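Work through the exercises below with the sequence and the model open. Each task is followed by its solution in steps.

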Amino acid sequence: MTEPARARAAVPLLHRPVTVHAWEDIVFAHWRHDPESLARLVPRGTRPDVVDGSAWAGLSAYVFRETRVPPFPPSGRLGTMTEVTIEILTIDDRGRRGVAYRTVDTANVPAIVAAHALLGVPYTFAHARARRRGDTIAHHSVRHPARGLHPIRWLRGRGTRPGPTPPVPDGRASGRPAVPVGRGTVQPRHDATVRVVAGPVVDSPLATELTTREGIHARHLAQTVFWQRQHPPLEIRSARLERLEGDLPDAVGMPGLLDREPDSLLVVDRTTVRYGWGDVVR
């Protein structure tokens, strides 16, 4: 018998935690999809998780604080950052309900390097920031593809004199124009913005299934791996949408995701999340 959905992420980690984070101002926006439309986008050995008759893709955004890598104390460099993600809810053959990230956008370069090298999670360099005023929560991310693909190389080259400007496409598949980024150069960009107003607490089975996942399914060194996620039961709040726009999903093979309002929009004010090694899925 499986654990009740509300408590599935509260079970003890199987191994020593790799990282511990305080999450704040968490926004979950999810859209219903046909499972077949998402099947090619999830790691081998997993499939889209069908919840309430649908597969689900989502945008989540949150602020990391007080990051620790046990047994070391909290890290100043990894301590605080905003992350904006595009994700798909997944399940593997052992019935573990997780999430597969298509991208995790953040401005924290050490986190990007560590996630790629150790976790297999597709972190990407972006100017991501968050703001909260009362119950209004806003997250915003802007990334430039060249910087995202090679963040370390880009940072090393910031102080060097630029060479001739390479040819740049006039636009993207979304139809939005390229934009100037300084010194006369023009680069394409991908962005996402979400702003919501948090409402009353909700305790529905669907809200719990969409927000309480057992871990992360990721591709790492030609394998699909599972990273276990642990946190206390969440206090989930409903939310009212004020703004949602951007073409970030276009950059990760999910065009048009933000073109309509989410089928589910939820907020969690704060929680503490611990990640630990699970095992190899395939």
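**Exercise 1.** State how much space lies in the largest cavity and describe its lining.

*Solution.* Step 1: the largest cavity holds about 70 Å³ of space. A cavity is a set of points on a 1 Å grid over the protein atoms alone where a 1.4 Å probe fits but cannot get out, and lining residues have an atom within 4 Å of a point. The volume is the space filled by probe spheres set on the points, which are joined across faces, edges and corners. This is a predicted model, in which local features need pLDDT of at least 70 and side-chain atom pairs pLDDT 80 or more, while totals for chains, interfaces and linings use all residues. Residues are numbered from 1 along each chain as its sequence is written, and side-chain values use heavy atoms, without hydrogens and water.

Step 1: the lining includes Trp23, Phe28, Val99 and Arg229. By class, 7 lining residues are nonpolar, 2 polar and 3 charged.

**Exercise 2.** Which residues line the second largest cavity?

*Solution.* Step 1: the lining consists of Trp23, Ile26, Phe28, Thr211, Arg229, His231, Leu234, Thr271 and Val273. Step 2: β1 gives the most, with 3 residues.

Note on methods
On a 1 Å grid over the protein atoms alone, a cavity is a set of points where a 1.4 Å probe fits but cannot get out, and a pocket is an open set with protein on both sides within 12 Å along at least five of seven lines; lining residues have an atom within 4 Å of a point. Ala, Val, Leu, Ile, Met, Phe, Trp, Tyr, Cys and Pro count as nonpolar, Asp, Glu, Lys and Arg as charged, and the others, Gly among them, as polar. Helices (H or I, at least four residues) and strands (E, at least two) are DSSP runs, numbered from the N terminus.
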